[in-house]
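Let's take a walk through this structure together. Keep the sequence and the 3D view open as you read.

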Protein chains: 2
Amino acid sequence: MTKDRKKSINETYITEEGMDNLWNVWYSELHDGVSGLTLKIDRFHESTSSKFQRIEVIDNKDFGKLLVLYGSLMVADNDNNSYNEMISHVPLFVHATPKQVLIVGGGDCGALTEVLKHPGVKKCTMCEIDKKVVETSEKHFPRLTAGLTDPRAKVIFEDGKEYIGRGGGAYDIVILDLSDPVGPAADLFQKKFHQQVFDQLNDDGILIAQTESPFYNRTTVKALYANLREIFPIVKMYLCFMPIYPSGLWSFAFCSKKYDPLADFDQKRYDKLQLKTRYYNDEVHRAAFALPQFVKDLF
Amino acid sequence: MTKDRKKSINETYITEEGMDNLWNVWYSELHDGVSGLTLKIDRFHESTSSKFQRIEVIDNKDFGKLLVLYGSLMVADNDNNSYNEMISHVPLFVHATPKQVLIVGGGDCGALTEVLKHPGVKKCTMCEIDKKVVETSEKHFPRLTAGLTDPRAKVIFEDGKEYIGRGGGAYDIVILDLSDPVGPAADLFQKKFHQQVFDQLNDDGILIAQTESPFYNRTTVKALYANLREIFPIVKMYLCFMPIYPSGLWSFAFCSKKYDPLADFDQKRYDKLQLKTRYYNDEVHRAAFALPQFVKDLF
């Protein structure tokens, strides 16, 4: 599979028309080649590649349109937006005055759109390496990319490592909305990068990182949290149900210089804002930090 | 698929030896034929049938041994026992004095074994229609069936509908640990049956029913809860992550004559008992009742 992907990375397979009415075509995303999700594909809306990765948009009756990057499912019409809502609203309702937000990665723009639902945010910068992911998302996932037209959104197409490496930022919240550590985002899972992010967070800053499946990726999860705990005084894992990600259970690291994700949750602001969400709510915010015993036992 | 299954229901495919070192054999369990879990099978430990259903025990590198009934995954060595622990410990730590417990179904004996970890339980009756499921589980899943040797365990091989239909029971907790509403358990998802259970619960009794995936089975879930709410004064849904069940998110109905699952949770008893679990703990107990917005919106 990897070989084929490499061979074809600079070819465009399908153009405007897509490929419709497919028969017997399946997308199967497997962990270690032995277990995973399988989806009957009715249509390829896109199958192309950028300078950085393969990009596909496929269609399945249960999930609707799905975005696939580097051979991994990223978002779907019918995933209930759980990943984007949980990576965004959890820190935003904990930080007392979140004004400056940086998203590294996040090319589908789902996190950007959620962040900008908070009226207190003055600017949300998104640093995404791959312009083609944003363009593809704009075309196929208008609900996710709605935030792009917000004047507070600033999109930079650059390698997050270089952007953060230059220093000089002063953020209240940084969100690492990265694809898996095997793809173009591999370096952004390293301790050096996390330290650089720490240095550009304000004194009460929060970093949120997606930290893979605690069911499948136990070694990665353990290493990531060990790194983060050497840098941040407060590091807590939280979980969400994401049906298109490996195992269906996904984790995030809440890393903070000052705020506690439960004690500092701003219930009043939550009640006032009356967010329209498909997954996140105040009860889910609190519940997400309760870890099943097999997850606790990882640490 | 259904046709093949019917044709073969009275044949035994493989006997003691099983089938080992399989190449390129996959088990795929699909919702509506278009999305689901796919597992590479290294071995068939069993592939047989009882009077009631097909029974298979297969092996996969990620999940270990898996029990398949009627073409649906039931339990696995590496599923973290989440389903069995959540269907059992939630009511047992809420009821003040759970002494008489009835499990309807539950042939893998995982729930029975969890229930009997509570020293206050005087008797746990399990009414399972299919003796062969219990025998198969004893052979392949000794950790799940450990409770069978407990003198407080009483196993009856009978149709749950007939057993409950005769009346005369007086239970503190009834657990409906049933396979999907399409198989031999179909009638046990009906309102008439739930009413009969209600009548045989003590005045402070609790019924727990597995209620399918709120992601995939929305129509079934809505109908089930509407039924249950006509019978029980307190009906609350709770969730667990179960990686081998459709979508990975699974639901249970906590139906009670008196107890609230959160206010009446017995923290002292929980702390004292020091249960060894793989999924359940006191934080998970509380968190399980927080429903994502798309689940809340079902009701």
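**Where the two chains meet**

Of the interface residues of chain B, 98% are also interface residues in chain A, so the copies meet through the same surface. Before going on, a word on the ground rules: this is a predicted model, where local features need pLDDT of at least 70, side-chain atom pairs count only at pLDDT 80 or more, and totals for chains, interfaces and linings use all residues. Residues are numbered from 1 along each chain as its sequence is written, chains are lettered from A and ligands numbered from 1 in the order in which they are written, and side-chain values use heavy atoms, with hydrogens and water left out.

So how are the copies arranged? Turn chain B by 180°, with a shift of 0.0 Å along the axis, and it can be laid on chain A with an RMSD of 0.0 Å (superposed by least squares on the C-alpha atoms of residues with pLDDT of at least 70 in both). That's the relation of a two-fold axis.

The contact (heavy atoms within 4.5 Å) takes 40 residues from chain A and 41 residues from chain B. About 3,100 Å² is buried between the two chains, and carbon and sulfur atoms give 61% of that. Buried area here is the accessible area, with a 1.4 Å probe, that two parts lose on being put together, summed over both.

Strand S2 of chain A (residues 35-40) runs antiparallel to S2(B), and 5 bridges join them; two strands pair if DSSP finds at least two bridges between them. Find A:Leu37 and you'll see B:Leu37 of S2(B) standing opposite. Helices (H or I, at least four residues) and strands (E, at least two) are DSSP runs, numbered from the N terminus.

What about charges? Side chains of opposite charge can pair when their charged atoms come close. A salt bridge is a side-chain nitrogen of Lys or Arg within 4 Å of a carboxyl oxygen of Asp or Glu. Between chain B and chain A there are 2 salt bridges. One of them joins the side chains of A:Lys296 and B:Glu283, at 2.9 Å from N to O.

Over all chains, a search of the whole structure finds 21 salt bridges. Among them is B:Asp42 with B:Lys61, at 4.0 Å from N to O. B:Asp42 sits in the loop between S2 and strand S3 (43-49) of chain B, and B:Lys61 in the loop between strand S4 (54-60) and strand S5 (64-69), so the pair ties together parts 19 residues apart in sequence.
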